Amino acid sequence: MSENLPDDVFTLDALRDFTPVGVQLGVVGWPVRHSISPPMHRAALKVLSTASPRFSDWRYDAFELQPEDLAEGVELFRKKGFRGINLTVPHKVEVLPLLDEIDPVAAKMGAVNTLFFKGSRLEGYNTDGYGLENAVKEAFGQGLTGRDIVILGAGGASRAAVAQCIHSSAKSILVANRTLDKAQAIIDSQADELGRGSAISMEEVPAAAAPGSLIINATSLGLSQNDPSPISVDELPEGCLLYDMIYNPARTPFLEAGLLRGYPIANGLGMLVHQGVRSLEIWTDEKVSAQAMRIACEQALAAR
Ligand code: ATR
């Protein structure tokens, strides 16, 4: 399989032989070859290096590691002096036992997407919630605070969204899922801090959603070409805002239906960009350009 990898995607074998030439960052996933994080971060690093030469030797690459190789991979990153790593599917939860320290927000989410090697210590952060908050603010002019929010799905993405909604003091939170038990498990796991929250079925969403709700698709429905919308958008109350965590395709059936009904919509590109901004800010301790990252993402997606 490795012979088909793009030049800047490294396998475990290649990582064993890898020698960083400067300050090294990267993304780890399985698979990771379709990730647009490398061009996104390189664009932001280019902007940073224009302002300060200290960033001129910073690099960002992709590493494709199977779940069973994550521990060895993390040890190699540590030994080789990497500064930071983004984690994507399926590593965000599996990495938890390998950390020396976890940020409280990431602990609530039960998942980590950003590793920061501080000397020999490994810290874990989760910037997905920050990405969601800022993407919603950018798209709809107001973040999660004070909003009635319906989250569709009950996987890892949903769990992180619920934790962020609590952190940002949402007015109410409903978690809807095909498998009700999983939605209930998310509600139960955050029950201490969740004031008004409950688990419902997808069919109940239109009747249960308050007018003006922010509806967030955190399911994987929409990634594949023939997927339907997870809910019946036509029956939603007035004034809803539709956010889809999926960015490729740019318009899922969920967003398409929302657009037809005249609801404001936004896809997950903003979330990808803003989680990336926050990760790079953690590693560099500098303000990072969201605009440069967004343009790089759009170019990478257009080139597909
Ligand atoms: P992630 O970590 O990205 O959140 P996940 O844990 O695999 O991914 O979760 C996928 C979510 O999409 C789940 O909520 C799943 O519903 P179930 O818990 O009922 O499986 C939802 N999902 C996936 N395919 C679906 C489908 N065909 N219809 C409805 N929901 C679906």
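Analyst: Let's start with the charged side chains: one salt bridge is counted between domain 1 and domain 2, a salt bridge being a side-chain nitrogen of Lys or Arg within 4 Å of a carboxyl oxygen of Asp or Glu. Glu138 and Arg294 form a salt bridge through their side chains, with 2.8 Å from N to O.

A quick word on ground rules. This is a predicted model, where local features need pLDDT of at least 70 and side-chain atom pairs count only at pLDDT 80 or more, while totals for chains, interfaces and linings use all residues. Residues are numbered from 1 along each chain as its sequence is written, and side-chain values use heavy atoms, with hydrogens and water left out.

Now, who's who? Domain 1 takes in 9-126 plus 275-302, and domain 2 covers 129-267; these bounds come from an automatic or database domain assignment. Taken over C-alpha atoms, the two centres sit 27 Å apart.

At the meeting place, 10 residues of domain 1 are in contact (heavy atoms within 4.5 Å) with 13 residues of domain 2. Interface size is often given as the accessible area lost when the parts come together. Here about 920 Å² is buried between domain 1 and domain 2, and carbon and sulfur atoms give 61% of it. On the domain 1 side, Lys108, Met109 and Leu301 lose the most area to domain 2, together making up 51% of what that side buries. Buried area here is the accessible area (1.4 Å probe) that two parts lose on being put together, summed over both.
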